[in-house]
Amino acid sequence: MKRKLVWMAVVSLFAVCSLVLPALAAEKLTMGEKSFVKEAASSGMMEVELGQMAKEKGKSQEVKDFGQMMATDHGKANDELKSVAGNRVKMPTKLELKHKATVDKLSKASVDEFDKKYAEAMLKDHKKDVEKFKKESKKVKDPELKGWIDKTLPVLEQHLQHAREMARKLGVAEK
């Protein structure tokens, strides 16, 4: 009888562990996932900051409107990413150096050259983002993060299309 009770306890413990351990594992992000989250957060913060700048400094309505879209969409995506990351990743509070360099470069652009430089930066950044998100969507194991990536990717693809149209209207060649 004792042996049967011990056996039942072991089987029950195994059953509980098989339910709990995968849930606990899903709580953790890999180093690669954490790195992606930090990069995406910094890039999103840059897009919001540059979007605000475009609304203020842009000459053409196209640039002002695109800037508004960037500030709104990337602000929303950043809020959602913070929620997905929760306390699993220490979110950046300031821009990574490469993103800060882009902001600094555009902040120094004259009013006459700002629109074209902004269009170039948006083309370049959104090409990189779309490529990175596609790659990460295939690699990421965390279901919440994958869901966020898969939800955000179509928005980034729309941004890239808008950036191409804006650049074309401003006479900026795609590189």
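Which residues in α2 meet which residues in α4? I looked this up first, keeping in mind that the model is predicted.

**Entry 1: the helix pair.** On the α2 side I listed E39, S42, S43, M46, E49, L50, M53 and K57. On the α4 side I listed K98, H99, T102, V103, L106 and S107. I then sorted the residues of this contact by class: five are nonpolar, five polar and four charged.

Next I looked up the geometry. Two packed helices are described by the angle between their axes and by the distance between those axes. Helix α2 covers residues 31-57, and helix α4 covers residues 97-107. Their packing angle is about 10 degrees. Their axes lie 9 Å apart. Angles under 35 degrees count as roughly parallel, so I noted α2 and α4 as roughly parallel to each other.

**Entry 2: the largest pocket.** I turned to empty space. Rolling a probe the size of a water molecule over the atoms shows where such space is left. The largest pocket has a volume of about 540 Å³. I found 21 residues lining the largest pocket, and T102, A121, K124, D125 and K128 are the closest to its centre.

Helix α5 spans 111-139, and α2, α4 and α5 each supply at least two lining residues. By class, I wrote down twelve charged, seven nonpolar and two polar residues for the lining of the largest pocket.

**Entry 3: the second largest pocket.** Here the space is about 180 Å³. The lining holds 18 residues, and I marked A40, S43, D129, F133 and L156 as nearest the centre. Two or more lining residues come from each of α2, α3 (61-85), α5 and α6 (143-170).

**Entry 4: the whole chain.** I stepped back last. The secondary structure comes to six helices and zero strands. From the N terminus on, I read the order as α-α-α-α-α-α. The protein has 175 residues, and 38% of them count as buried.

Technical notes:
Residues are numbered from 1 along each chain as its sequence is written. This is a predicted model: local features need pLDDT of at least 70, side-chain atom pairs count only at pLDDT 80 or more; totals for chains, interfaces and linings use all residues. Side-chain values use heavy atoms; hydrogens and water are left out. Axes are lines fitted to C-alpha atoms, for helices over the stretch in contact, and angles run from 0 to 180 degrees between N-to-C directions. Helices (H or I, at least four residues) and strands (E, at least two) are DSSP runs, numbered from the N terminus. Angles under 35 degrees count as roughly parallel, over 145 as roughly antiparallel, 65 to 115 as roughly perpendicular and the rest as oblique. Contact means heavy atoms within 4.5 Å. Ala, Val, Leu, Ile, Met, Phe, Trp, Tyr, Cys and Pro count as nonpolar, Asp, Glu, Lys and Arg as charged, and the others, Gly among them, as polar. On a 1 Å grid over the protein atoms alone, a cavity is a set of points where a 1.4 Å probe fits but cannot get out, and a pocket is an open set with protein on both sides within 12 Å along at least five of seven lines; lining residues have an atom within 4 Å of a point. Grid points are joined across faces, edges and corners, and a volume is the space filled by probe spheres set on the points. Buried means under 20% relative accessible area, exposed over 50%, partly exposed in between (1.4 Å probe, protein chains only).
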